[in-house]
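Walk me through this structure.

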Amino acid sequence: MSGDTGGAYEAAYRRSLDDPDGFWLAAAADIDWVTAPTRALDAANPPMYRWFPDGELNTCHNALDRHVANGRGEQAALVYDSPVSGSRRTYTYRELLDSTARFAGVLRGLGVGKGDRVVLYMPMIPEAVIAMLGCARLGAVHSVVFGGFAAHELAVRIDDARPKVIVAASCGIEPTRTVAYKPLLEAALAEATHRPEHRVIVQRPQLVAELTDHDLDWDTALTAAAPTECVTVAAGAPLYILYTSGTTGPPKGIVRDNGGHAVALRWSMENVFDVHPGEVSWTASDVGWVVGHSYIVYAPLLTGCTTVLYEGKPVGTPDAGAFWRVVAEHRATMLFTAPTAFRAIKKADPDGKLLAAHDLSSLRTLFLAGERLDPETYRWAGEMLGVPIVDNYWQTETGWPIVADPMGLEPHPTKPGSATLPVPGYDVRILDAQGREVPPGVDGSVVLKLPMPPGTQAGLWGDDERYVASFPTAFPGYYLSGDGGHKDEDGYVYVMGRTDDVVNVAGHRLSTGSMEEVLAAHPDVAECAVIGVADELKGQVPRGLVVLKAGVDREPGDVAAELVRRVRETIGPVAALRRVDVVAALPKTRSGKILRRTMRDIADGKPTELPSTIEDPAVIESLRRTLTDDQPE
Ligand code: COA
Ligand code: AMP
C-alpha cells in the first residue's frame with residue numbers, strides 16, 4: 001500500500017473494538033447480499049455470538065458469479081500448478097463458474113440441498129476447489145478431510161458430519177509415492193456407522209480406482225449435469241465444518257458461517273495481506289487445513305484475485321528452487337506458507353543459489369503462519385527475498401489472522417519472534433492462571449476477549465454444549481487459545497507455543513492424545529506418553545515412550561516398530577511419529593499424572609526443575625539418556 005497511512009491501524013483497531021457494528025457493516029459493503037444486513041453483531045446469546053443476523057447471501061456467488069458479472073470473466077481465477085503430476089491448467093472466472101455450477105447440479109441431482117453435509121477427501125487438485133464452491137452454491141456444508149489422514153480419522157469425521165455424499169479422488173501424489181485414496185475411503189466407510197448415500201470419484205490418470213455401483217465418476221457426472229443457480233442462505237448458516245485437534249476427546253468440528261466469513265476474509269485480503277482485486281496470490285498449504293480454506297480458496301476468490309493451487313512440496317520437485325519458479329512464473333504478489341517450508345528450502349539451498357535463476361520482482365510480501373516463526377528462519381527468508389516477512393498467528397477456530405502486521409492498513413516495524421500486533425476485531429489479552437492480566441514481558445495464556453470478530457468459530461458441529469464448555473470458568477468472557485505467550489511494552493504479541501497436548505508438526509496441528517490412544521490400544525503396552533519435541537525442520541515432532549506389560553518378552557525394537565506402523569495406519573502418515581522408546585517406567589506425580597512437560601523440557605534441552613510432587617525422581621533420571629539421545633529411531 002502506498003501513500004500516507006500513518007495512524008490507519010490504530011484508528012481501525014480502536015473502531016473495530018469500540019464500534020464493531022459500524023466497523024463490520026462498513027466492511028460488509030464489499031460483499032453482495034441478497035438481503036443486506038442492517039446489524040452486524042448479535043450478542044443476544046453469549047458466548048454464541050452471531051454476525052449479520054438479518055443478512056442473506058450466497059458465498060459462491062460472491063466468489064465467482066459476481067466477478068463474471070463485473071467483467072472479470074476472462075481473468076484467471078485459479079492456476080493449477082502440479083509438478084508432482086506434470087500438469088498445469090488455468091481456469092478463468094467464467095470457466096471456474098461453469099464447472100462449479102455444473103458440479104452443484106451433480107450434487108443437487110444426488111439430493112444435496114441446503115444444510116446437507118458433503119465430505120471431501122481430496123488432494124490439491126482443482127476439483128477440490130470446485131467441490132467446495134459447489135457445496136457453497138447449494139447452501140450445503142462441506143467438510144474437507146486432509147489427504148494425509150488415514151481411514152480411521154476419515155471414519156470419525158464421517159460419523160460426526162453425517163454427509164449425504166462423499167467426494168474423493170482416486171489418489172494423491174506425494175513426491176515419493178502415489179497414495180491410493182479409494183482403499184482408504186472403503187476402509188473408513190467400513191469402520192463408520194453412518195452410510196453416505198453416494199460417492200463421487202475424480203479419476204486421476206496416475207492411479208485409476210475401481211468404481212463400484214455406489215460410485216459416480218466425476219467427469220461423467222459433470223458432463224451430464226445441468227448448471228445450477230446459487231441458493232440464498234442466512235448469513236449465520238454454516239458454510240463448512242473443519243475438524244481440528246482439540247486438547248481432549250475426538251477432533252472438534254469447527255463451524256464457519258457464510259456471512260461473517262465472507263466479510264472478514266474479503267476485508268483481510270486487502271487490509272492484512274495487501275492483495276487487491278486482479279492480483280495473484282499464492283498460498284502454499286493444503287485445502288485440508290484452515291490456511292488452505294481461507295487463503296487458497298475463499299479470500300482470494302471473494303476478492304477477485306487469481307489464486308495459485310500448487311500440488312507439490314517446496315523441495316525435491318524437482319529442486320529447492322520450486323517455490324521461486326512458481327512465484328516467478330505466475331507473477332505472484334504474495335506468497336503465504338508455513339516456516340517449515342522455508343526451513344526445508346534453506347536446508348537444501350542454504351545460500352539461495354537457486355534464487356538467481358528466477359525473476360521474483362512481482363513478490364511484495366512473504367507471509368508465514370501455522371507455527372512459531374523462529375528468528376533464524378525469519379532472518380534467512382528476509383535476506384534471500386528482500387521483501388517484508390510477515391509472521392501471522394491464528395487458528396482453525398478463528399479462520400483468519402489474530403495477530404499480524406496489517407500490511408494493507410499500515411505496515412509496522414517488525415520484531416523477530418513476534419507476529420506484531422492484534423488485528424482489528426481481536427482483543428488479545430495475556431492472563432495468568434487466576435485470570436488476571438499480566439504486565440508486559442510476562443508469559444501467560446493468550447486469550448481473546450469475546451466477542452471475537454466475524455468469520456471466527458460459529459460453534460462446534462452438533463455440539464454447542466462442548467463449545468460453551470470450552471470457555472473455561474477461570475476466564476469468563478474470554479476465548480482461550482491454548483497458546484502461551486506475552487506482549488511487550490509496544491503491545492507486540494509473542495506466541496511461544498501450546499500449553500496443552502496439541503503439537504504442531506511441519507505446520508500441521510495434531511493431538512498427542514490421539515496418538516497415545518493408538519499406543520495404549522496395543523496389547524503389549526501397559527502405559528504410554530507421546531510428547532512433542534523440538535525438530536530443526538518440522539518445528540516439532542512427536543515421540544512416544546511406552547512401558548510394556550509385565551511378562552511381555554519381546555524385542556523392544558519390534559514392539560516400537562509395530563507401534564509406529566499402527567499410528568501411521570490409524571491416524572495417517574502426517575502424524576510423523578517415527579520414534580517410540582520402550583522404557584522401564586514413566587515419571588509421574590504422586591497422584592499418578594504423567595509428567596509430560598518435564599520430559600519434553602528435558603528432550604528439548606531446556607533447564608528443568610523436577611516438580612516437588614514427583615513420585616520417584618529416579619525414574620526421570622534414568623529416562624534422561626533416552627530423552628536426550630537424538631538418534632532418529
Ligand atoms: N496425502 C498423503 N500423505 C501425505 C499428505 C497427503 N496430503 N501430506 C503429507 N503426507 C505424508 C508425507 O508423504 C509424509 O510421509 P512419509 O512419512 O512417508 O514421508 C508424511 O505424511 C509427513 O508429511 P510432512 O509432515 O509434510 O513431511 P515431509 O517430509 O513430506 O515434508 C515439508 C515436509 C516441510 C516440506 C512439508 O510439510 C511442507 O511443505 N510444509 C509446509 C506447508 C504446509 O503444508 N503447511 C500447512 C499449514 S500452513
Ligand atoms: P491450526 O489450527 O492448525 O491453524 O493451528 C493453530 C496453532 O498453530 C496455534 O494455536 C498455534 O499454536 C500455532 N500457530 C499458528 N500460527 C502461529 C504463529 N504465527 N506463531 C506461533 N504459533 C502459531
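Rings of Phe, Tyr and Trp, the last taken by its six-membered ring, pair if their centres lie within 6.5 Å. Planes under 30 degrees apart count as stacked, those over 60 as edge-to-face, and the rest as tilted. This is a predicted model. By the pairing rule, it holds 27 aromatic pairs.

Take one of these pairs. The ring centres of Tyr 310 and Phe 323 are 5.9 Å apart. Their planes stand at 90 degrees, so the pair is edge-to-face. The pair links distant parts of the chain, as the two residues are 13 residues apart. Tyr 310 belongs to strand β17, residues 306-310. Phe 323 belongs to helix α11, residues 322-330. Tyr 310 is buried, and Phe 323 is buried as well.

Aromatic residues also gather in a group. Phe 23, Trp 24, Trp 267, Trp 400 and Tyr 426 make up one aromatic cluster.

Rings meet charges too. Arg 89 places its charged end over the ring of Tyr 91, at 4.1 Å from the ring centre. Arg 157 does likewise with Phe 149: its charged end sits over that ring, 4.6 Å from the centre.

Now the ligands. Which residues come nearest to ligand 1? The closest are Glu 174, Lys 313, Lys 538, Arg 568 and Arg 578, out of 23 residues that surround ligand 1. By class, this shell splits into 10 nonpolar, seven polar and six charged residues. Two elements, β10 (177-180) and α12 (339-348), each supply at least two residues of the shell.

The side chain of Lys 313 has an N or O atom 2.6 Å from an oxygen atom of ligand 1. For Lys 538, a side-chain N or O atom lies 3.0 Å from a ligand 1 oxygen. Val 574 uses its backbone: an N or O atom there is 3.4 Å from an oxygen atom of ligand 1. Taken alone, ligand 1 exposes 940 Å², and the protein buries 85% of that.

Ligand 2 has 15 residues around it. Asp 391, Thr 396, Asp 483, Arg 498 and Arg 509 come nearest. The shell of ligand 2 consists of four nonpolar, five polar and six charged residues.

An N or O atom in the side chain of Asp 483 is 2.6 Å from an oxygen atom of ligand 2. Arg 498 brings a polar side-chain atom to 2.7 Å from a ligand 2 oxygen. A nitrogen atom of ligand 2 lies 3.4 Å from a polar backbone atom of Glu 371. Alone, ligand 2 exposes 500 Å², of which the protein buries 95%.

Ser 170 sits in the loop between β8 (165-169) and β9 (171-174). Is Ser 170 buried or exposed? The cut-off for buried is under 20% relative accessible area. Ser 170 has 1%, so this residue is buried. What does its side chain contact? A polar atom of the Ser 170 side chain lies 2.8 Å from the backbone nitrogen of Arg 204.

Thr 228 lies in the loop between α8 (218-224) and β13 (233-234). With a relative accessible area of 6%, Thr 228 is buried. Gly 370 is 142 residues from Thr 228 along the chain, and their C-alpha atoms are separated by 36 Å.

Note on methods. Residues are numbered from 1 along each chain as its sequence is written. Chains are lettered from A and ligands numbered from 1 in the order in which they are written. This is a predicted model: local features need pLDDT of at least 70, side-chain atom pairs count only at pLDDT 80 or more; totals for chains, interfaces and linings use all residues. Side-chain values use heavy atoms; hydrogens and water are left out. Helices (H or I, at least four residues) and strands (E, at least two) are DSSP runs, numbered from the N terminus. Buried means under 20% relative accessible area, exposed over 50%, partly exposed in between (1.4 Å probe, protein chains only). A charge sits over a ring if NZ of Lys or CZ of Arg is within 6 Å of the ring centre and within 35 degrees of the ring normal. A residue is near a molecule or strand if one of its heavy atoms lies within 4 Å of it. A polar contact is a pair of N or O atoms within 3.5 Å; within protein, one must be able to donate a hydrogen and the other to accept it, and residues adjacent in sequence count only if both atoms are side-chain atoms. Accessible areas come from the Shrake-Rupley method with a 1.4 Å probe; for residues, only the protein chains shown count as cover. Ala, Val, Leu, Ile, Met, Phe, Trp, Tyr, Cys and Pro count as nonpolar, Asp, Glu, Lys and Arg as charged, and the others, Gly among them, as polar.
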